[in-house]
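Please look at the sequence and the model before reading on.

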Amino acid sequence: MLYDIRLNLRYDYDAAAGGGRHQVHVLPPTISGVQRVIAASLSFAPSPSERSDFSDFFGNSVTSIAFRDVHDALDIRMSARVAVSRPEPGLDVSPDIPRLRVELDAVRSLSPDTPHHFLAASDHAGVDAAITSYAQGSAGRSVVGTAMDLCSRIHRDFTYDGKATTVRTRASDAFSLKRGVCQDFSHIMIAGLRGLGVPAGYVSGFLRTIPPRGKPRLEGADAMHAWVKVWCGRDTGWQEFDPTNGMRASNDHITVGHGRDYSDVAPIVGVLKTTGGQVGEQAVDVIPVVLEKT
Amino acid sequence: MAKGNHEKIRGRPHNLLEHYQPIDGVVDEMVDASGNPRPVWTNFIEALENLGPEKLAQRFARADQYLRDAGVYYRVYDKAGANEREWPLAHVPLLIEEQEWADISAGLVQRAELFEETIADIYGPNRLIEKGILPAGLIAASPEYLRPVVGIRPASGHFLHFCAFELGRGPDGRWWVLGDRTQAPSGAGFALENRVATTRALSDIYGEMHVHRLAGFFRRFRDALNGMAKGSGGRVAILTPGPLNETYYEHAYIARYLGIMLLEGEDLTVSGGRLMVRTVSGLMPVSVLWRRLDAAFADPLELRPDSQIGTPGLVEAIRRGAVSAVNALGSGLMETRALFAFLPKISRELRNEELLLPSVATWWCGRDTERAHVLANIDRMVIGPALSTRLAFEDDESTRLGSALSAGERAELIAQIERDGGDFVGQEAVTLSTTPVYVGGWLEPRPASLRVYLARTPEGWTVMPGGFARVGFSLDPTALAMQRGGQAADVWVVSDRPVERETLLPQEHDSFTRSMPGSLPSRSAENLTWLGRYIERSEDTVRILRAYHVRLAEASDPDMPLLADIRDYLEPFGIDTATAIPLGLIGTLDSAVYSAGQIRDRFSPDGWLALKDLSKTIHQFATTVAPGDDATRAMTVILRKLAGFSGLLHENMYRFTGWRFLEIGRRLERGIQIARTLARLTRAAAPDGALDMMLEIGDSVMTHRRQYPVQAGRRTVIDLLVLDPLNPRSILFQLERLKAEIALLPSVGGEGHMSPAAKEILQLNTAIAIKEPSDMTAKALDDLADEIGGLYNSLAKAYFG
């Protein structure tokens with residue numbers, strides 16, 4: 001599938017912000033076997049006094065910006081054309097969890113995609129006894145089977161509620177609320193799998209939403225999305241699951257970044273020097289591009 | 001102790017060893033297995049005995065007095081919160097013979113080299129992991145493995161520049177490494193203070209024994225830091241978490257001792273990929289950062305986002321090679337307890353060497369064979385978290401002695417280890433050697449560990465010939481940690497030949513350049529200004545209160561018009577005249593102490609001590625002094641102590657930018673206070689006696705008597721206290737001083753341009769200089785106070801932003 005993606009992040013500050021430095025993670029990268037970026041651009045208003053681009057440890061694109069002058073709003077616009085083509089999931093040959101541990105121990109590497117980075121508790125997705133015990137209900141099968149079952153159960157057992165949690169909510173808190181958004185469901189699934197000894201990470205990106213039949217697609221109605229990647233053993237490798245929708249990641253899922261949890265891929269991080277609060281808005285358009293045959 | 005020894009030592013003037021009873025099976029540093037003093041101790045003990053108990057007590061009191069005078073403290077966190085505690089010096093040094101020290105040094109240099117290669121491999125090519133020597137999962141799980149710095153080669157070429165190692169001597173007589181400190185080792189400054197204090201007490205003995213000096217170590221490291229900065233155009237700075245840190249005293253001490261800028265995260269900013277310090281002369285580059293804060297807190301953008309003490313963009317500056325961190329961010333990983341288990345193999349792999357100094361035997365339970373060993377020997381083990389970076393004997397919450405567990409606890413722990421082996425390490429429970437402490441006239445043995453410091457120089461690692469020993473208060477070896485009531489002893493490395501004497505002062509053959517201390521951090525400037533203001537505000541308040549209480553003592557009627565007027569005047573400032581030492585006054589002085597505490601590195605110990613003494617006095621008076629005569633006397637004492645503090649600063653502070661801000665703060669405040677008080681006491685409706693009281697507050701009674709052959713009138717009082725440029729209490733005098741000092745501040749907005757503050761003070765000074773006493777109405781005086789206050793805002797905008 002080919003998509004045109006537009007993202008607009010806007011922050012209005014109560015009191016003018018005197019300078020500041022941020023890192024922005026919104027540019028989708030090319031990922032071999034998953035997606036190819038054909039064009040991408042990122043712009044800021046006001047124009048930052050410094051800007052530099054680099055890749056972080058996990059290979060995500062990071063744009064670092066700094067402002068010297070006082071400003072009372074920050075507007076970030078990203079647009080990209082991305083072709084997504086994920087392989088169909090093949091026959092499940094993933095090991096069970098005890099066998100997975102043996103395979104994991106045999107991985108002698110700290111390269112960014114190595115499963116070791118995704119097993120230990122992280123800030124948002126700490127291992128939690130209650131979540132682990134919930135995840136136990138999906139154990140006893142292959143790793144892919146466990147992940148898919150946990151993914152479906154979270155979809156079934158939890159209520160989508162944009163008001164129940166914030167970007168800072170931890171997995172354990174969302175788990176006791178039994179509500180939340182894509183970020184929370186992903187953290188719960190990650191914490192559950194780690195509790196079972198299965199490496200799992202956080203993927204941020206976009207999801208194409210299909211408007212109800214006969215209704216036009218509303219502009220900017222989409223939001224940034226999050227889902228989970230799971231290490232399913234030496235041969236199967238990383239597989240992606242979307243617990244918000246109870247499905248595997250598909251060609252409707254466009255990846256921006258991945259890490260141990262939300263804090264590795266938050267769209268914007270940085271300290272603002274302002275005494276007041278700040279209000280953020282987010283608008284996303286994911287538009288399928290139909291190329292006419294010539 | 002064997003009986004024969006009693007015979008041998010009886011008859012000495014003061015037999016210190018009479019009650020010395022080392023524990024069976026434990027090595028003692030001072031006496032051998034048969035109770036005889038080891039050779040390195042013989043002369044030392046004899047010298048102590050010759051002094052006799054009385055002199056000895058006096059001598060040790062002298063050391064304690066030194067530490068109190070120098071204000072050496074560390075911060076203790078307990079249930080009651082954070083408190084400053086005096087440094088607990090154990091007066092008897094630990095003596096180590098030179099040859100033994102050479103062996104320790106060689107072992108530690110080898111260890112430091114090994115750590116450098118290991119850390120470079122973990123953040124670089126990862127050969128140790130590929131070969132299976134280090135488990136990838138262990139490293140990946142560590143919170144000290146900092147992904148944002150993976151792949152960065154340090155600008156200096158090295159990860160480690162300053163390390164400390166904690167050693168203990170086991171029952172076999174060998175030294176073992178108990179812990180490694182590679183993050184931001186503390187205590188080197190305390191070691192130096194220990195030495196100064198101990199030699200205060202034992203100067204003659206120290207002078208006669210050939211003890212290796214410490215100063216050269218610090219000089220070499222300072223030179224190494226300066227060498228790293230050379231050619232980069234940047235300077236060297238020490239980064240501290242701030243005055244609330246447990247070892248802030250030491251950060252300030254080292255900064256002062258080595259003449260290096262002491263900064264907090266907010267003093268720094270990153271601009272154009274370079275690390276810069278905000279100074280009163282603008283942004284100045286920093287190229288070597290000796291950090292005393294944990295790496296995870298260094299940059300909220302790429303490391304811990306909740307850090308309030310970091311500098312956003314620091315990692316980016318490091319990535320660009322613009323700054324060298326000492327030690328490199330991520331170096332704290334080498335403190336991980338589980339790494340002990342892998343060091344022998346790593347040493348063979350990377351250096352083809354065996355460890356000269358072993359670590360305490362450690363098994364990581366993440367592998368089957370090792371786990372089985374730990375479980376089989378759990379009663380001889382200390383079990384703790386694999387990823388902990390704390391020393392086992394300091395970590396009483398999560399580290400447990402296998403033999404001390406109840407049956408239930410034991411079963412639970414075994415189940416945990418079987419389930420999550422990778423989270424645990426087992427370590428052989430070590431018994432530490434004992435060293436003597438002086439208790440009530442006798443020497444007694446106490447368990448001790450030894451902390452040793454290493455610094456990198458262009459010629460390689462240099463070892464501090466000494467360090468400090470942590471000595472238990474009881475025979476319990478787990479009660480060593482300073483946070484839990486251990487004490488610290490100096491360590492003397494004793495030679496049988498005269499040793500080289502080194503000092504931090506430049507030697508004759510050193511080339512001499514005077515480097516001007518050009519860059520005062522903005523935050524320090526702000527604190528100095530406020531210190532000046534608070535001190536002056538305290539003094540002005542005390543002068544008014546003294547004048548008040550003198551009159552109250554005579555009249556004993558607080559409703560007498562003049563007293564009622566003063567009461568109403570002071571009340572809005574939080575000064576309640578009904579109490580002898582009002583809370584508002586205590587608050588002002590506490591604020592002065594706080595401001596001074598933020599800039600300890602810029603203070604002489606004498607200055608700090610004078611201020612602390614002032615604060616102690618006023619808090620004590622608050623509970624004992626009654627209004628009237630009693631309060632008058634108390635105010636006189638406070639005034640004298642204030643004058644002492646001011647005198648110390650005035651006579652001893654180097655006349656550069658820092659002093660200038662202090663002086664400006666002082667003059668601003670005095671100008672404001674005199675103007676306000678004058679406005680009140682010279683107004684048309686002022687009660688009888690107000691003018692005399694004003695002269696007294698303005699410390700100008702005598703001058704007035706000499707200058708004017710008349711009784712105090714409004715005109716003469718105004719003339720003397722506003723317009724007389726020779727009276728150090730007059731407003732014009734303050735303005736002249738302000739004009740002179742502001743003109744000498746670093747220029748803002750380009751050379752040759754007058755700063756807004758300089759323009760304002762020039763205008764104000766000129767306007768007042770040409771005034772007549774009749775012009776200075778109460779309203780004019782109040783406006784003048786506001787205008788002087790406005791100057792502060794202009795200065796703050798230009799220099800403190």
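## Basis of the model

The model is predicted: local features need pLDDT of at least 70, side-chain atom pairs count only at pLDDT 80 or more, and totals for chains, interfaces and linings use all residues. Residues are numbered from 1 along each chain as its sequence is written, while chains are lettered from A and ligands numbered from 1 in the order in which they are written.

## The contact between chains A and B

Chain B contributes 20 residues and chain A 19 residues to the contact, where two residues are in contact if their C-beta atoms, placed from the backbone, lie within 7 Å. On the side of chain B that touches chain A, helix H4 (127–130) and helix H5 (136–141) of chain B each supply at least two residues; helices are DSSP runs of H or I of at least four residues, numbered from the N terminus. H5(B) provides the largest share of that side, five residues.

By type, the residues of this side of chain B comprise 12 nonpolar, five polar and three charged. Here Ala, Val, Leu, Ile, Met, Phe, Trp, Tyr, Cys and Pro count as nonpolar, Asp, Glu, Lys and Arg as charged, and the others, Gly among them, as polar.

## Two helix pairs in chain B

The axes of helix H23 (residues 731–743) and helix H24 (residues 756–769) of chain B come within 9 Å and cross at roughly 150°. Axes are lines fitted to C-alpha atoms, for helices over the stretch in contact, and angles run from 0 to 180 degrees between N-to-C directions. H23(B) and H24(B) are therefore roughly antiparallel, a term for angles over 145 degrees, whereas those under 35 count as roughly parallel. The residues of their contact divide into 13 nonpolar, one polar and two charged.

Helix H20 (residues 690–697) and helix H22 (residues 714–723) of chain B pack at about 15°, with axes 10 Å apart, which makes H20(B) roughly parallel to H22(B). In this pair, B:Leu691, B:Met694 and B:Leu695 of H20(B) meet B:Arg714, B:Val717 and B:Leu721 of H22(B).

## Nonpolar cores

A nonpolar core is a set of buried Ala, Val, Leu, Ile, Met, Phe, Trp, Tyr and Cys residues joined through C-beta atoms within 7 Å; buried means that 20 or more other C-beta atoms lie within 10 Å of a residue's own. The largest core has 196 residues, and those touching the most other members include A:Leu193 and B:Leu275. Helix H2 (residues 39–70) of chain B gives the most to this core, nine residues.

Apart from this core lies another of 81 residues, among them B:Val542 and B:Ile788.

Conventions:
Parallel < 35°, antiparallel > 145°, perpendicular 65-115°, else oblique. Buried ≥ 20, exposed ≤ 12 C-beta atoms within 10 Å, placed from the backbone.
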